[in-house]
There are 2 protein chains.
Amino acid sequence: MSAGWLAVVGLGPGDAALVTPQAQALLDAATDAVGYGPYLARLAPRAGLAIHASDNREELDRAAHALSMATQGRRVAVVSSGDPGVFAMASAVFEALEAGPPAWRGLDVRVAPGVTAMLAAAARAGAPLGHDFCAINLSDNLKPWETVERRLRAAATGDFAMALYNPRSLARPDGFARALDLLREACGSGRVVIFARAVSTPEEALTVTTLGEARSGMADMRTVVLVGSSLTRVVSRAGAPFVYTPRWAPA
Amino acid sequence: MSAGWLAVVGLGPGDAALVTPQAQALLDAATDAVGYGPYLARLAPRAGLAIHASDNREELDRAAHALSMATQGRRVAVVSSGDPGVFAMASAVFEALEAGPPAWRGLDVRVAPGVTAMLAAAARAGAPLGHDFCAINLSDNLKPWETVERRLRAAATGDFAMALYNPRSLARPDGFARALDLLREACGSGRVVIFARAVSTPEEALTVTTLGEARSGMADMRTVVLVGSSLTRVVSRAGAPFVYTPRWAPA
């Protein structure tokens, strides 16, 4: 095996204080950093680190490029925000690896976990994911919208709390409004909803509301939306309320 | 408001390299650390830090004690392994806060997120949670077993990948076997399963198998069990295989 390696590294939600020492050590040891431009912009530039930025839609090509560099002995960090295994680059890297030359399977490939957006958002609000929950990617770029709806219905049937990633983008203006309609019908208009934008960054904004008051325009590409279970509680106080889902469920 | 505060701090899955700088800074600033003994044992002892260990079942009492100390001006770290918002102490703290004296609502209470067990386990295996997934606590200490089964069925209906926390304890020897039976029936015996024990610690052990081969004895209190969706792939290679769930789903 060459001395090269590929590490898929999670940078956390934005704040440098949420980057793990493991992730930082891999970034410090890398010769190449590969990823979506805005994530690469979070790295401190240094001599000896080549930066390879690509568009957000080119994930498989980017992964193949990173694997190819690792076979040449480079130490390659593929960066994602949050946790790389949650709607991010790790899956694309293994998909590219499976489809690529057999030699790629012998590479030193590892994943460095991170603090994913829903956990950072939940921490800021209290503990809204404090009991069973689902994480659902609302983007229908790579799956039919029917799959999104099927999963939202299943999550509502199971009375899970939910974390909704990628609720809305310019290319998909309508899906999130339909998702809110579906959830209102399945869960009732009183259900707690949290819009958490850019948590842990200077642009952070949190809104605690209900499905009845939620509107699709409250979310953008940098928002993760948390939906409570039927048991989720809002604890009012001076300032932003605390939101939590109890550890228990009644018989 | 007093100068006291309460921070619910996630220590990650075990490796010190997975403790965020934010969590470490809160631990360094605390006057008191409260939690389950084995988690407190992970802290470096130092002058000025009082350690308050309690049993794992006494979460509400522990939370109330921590809140009470914060009102007295102490800087209290309530520690959990993993992420404190995922089947850990954050929910208990807010439940105690809601039930307690009104003055507690004015306290400076914050949650420091962490790398939860399922994300550390997924990273070690590849990217098995690379698409929509559910996190389900199999313990029926605080909820009826029927709720566990309802959620497993809903997760299977939605074709989610799943992370199963607390699969098995001495007090509940049978539940996990029933869960495996239910999942075999709902998902088929070929479905990928990963038993991930004590990830990132010296006792780490990973087993990749199928529902057909999975046995309840493969899990213990330190295991998180990951179940793939219908699309989850196993990439064979010399050594442990990579497991990933694709980012896409067919129409």
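1. How far apart do the C-alpha centres of domain 1 of chain A and domain 2 of chain A lie? The two centres lie 28 Å apart, with domain 1 spanning 5-115 and domain 2 spanning 118-244 of chain A; these bounds come from an automatic or database domain assignment.

2. This is a predicted model, in which local features need pLDDT of at least 70 and side-chain atom pairs count only at pLDDT 80 or more, whereas totals for chains, interfaces and linings use all residues. Residues are numbered from 1 along each chain as its sequence is written, chains are lettered from A and ligands numbered from 1 in the order in which they are written, and side-chain values use heavy atoms, with hydrogens and water left out.

3. Within chain A, eight residues of domain 1 and 11 residues of domain 2 make up the contact between the domains, contact being heavy atoms within 4.5 Å. The buried area, that is, the accessible area (1.4 Å probe) that two parts lose on being put together, summed over both, is about 730 Å² here, and carbon and sulfur atoms give 66% of it. On the domain 1 side, Pro13(A), Arg57(A) and Phe87(A) lose the most area to domain 2, together 58% of what that side buries.

4. Between these two domains of chain A there are zero salt bridges, a salt bridge being a side-chain nitrogen of Lys or Arg within 4 Å of a carboxyl oxygen of Asp or Glu. Two residue pairs (both at pLDDT 80 or more) are in polar contact across the domain boundary; the term stands for a pair of N or O atoms within 3.5 Å, where, within protein, one must be able to donate a hydrogen and the other to accept it, and residues adjacent in sequence count only if both atoms are side-chain atoms.

5. Turning to the two chains, chain A and chain B each bring 68 residues to their contact, and together they bury about 6,100 Å², 58% of it on carbon and sulfur atoms.

6. The structure holds 28 salt bridges over all chains, and 12 salt bridges are counted between chain B and chain A. One of the bridges joins Arg247(B) to Glu59(A), with the closest N and O atoms 2.7 Å apart. Another salt bridge links Asp132(B) and Lys143(A) at 2.7 Å, N to O; Asp132(B) sits in the loop between β6 (126-127) and β7 of chain B, and Lys143(A) in the loop between β7 and α6 (145-157) of chain A.

7. Strand β7 (residues 133-137) of chain A pairs with strand β7 (residues 133-137) of chain B in the antiparallel sense over three bridges, strands being DSSP runs (E, at least two residues) numbered from the N terminus and pairing requiring at least two DSSP bridges. In this arrangement, Phe133(A) stands opposite Ala135(B) in β7(B).

Key: Helix = DSSP H or I, 4+ residues; strand = E, 2+ residues; numbered from the N terminus.
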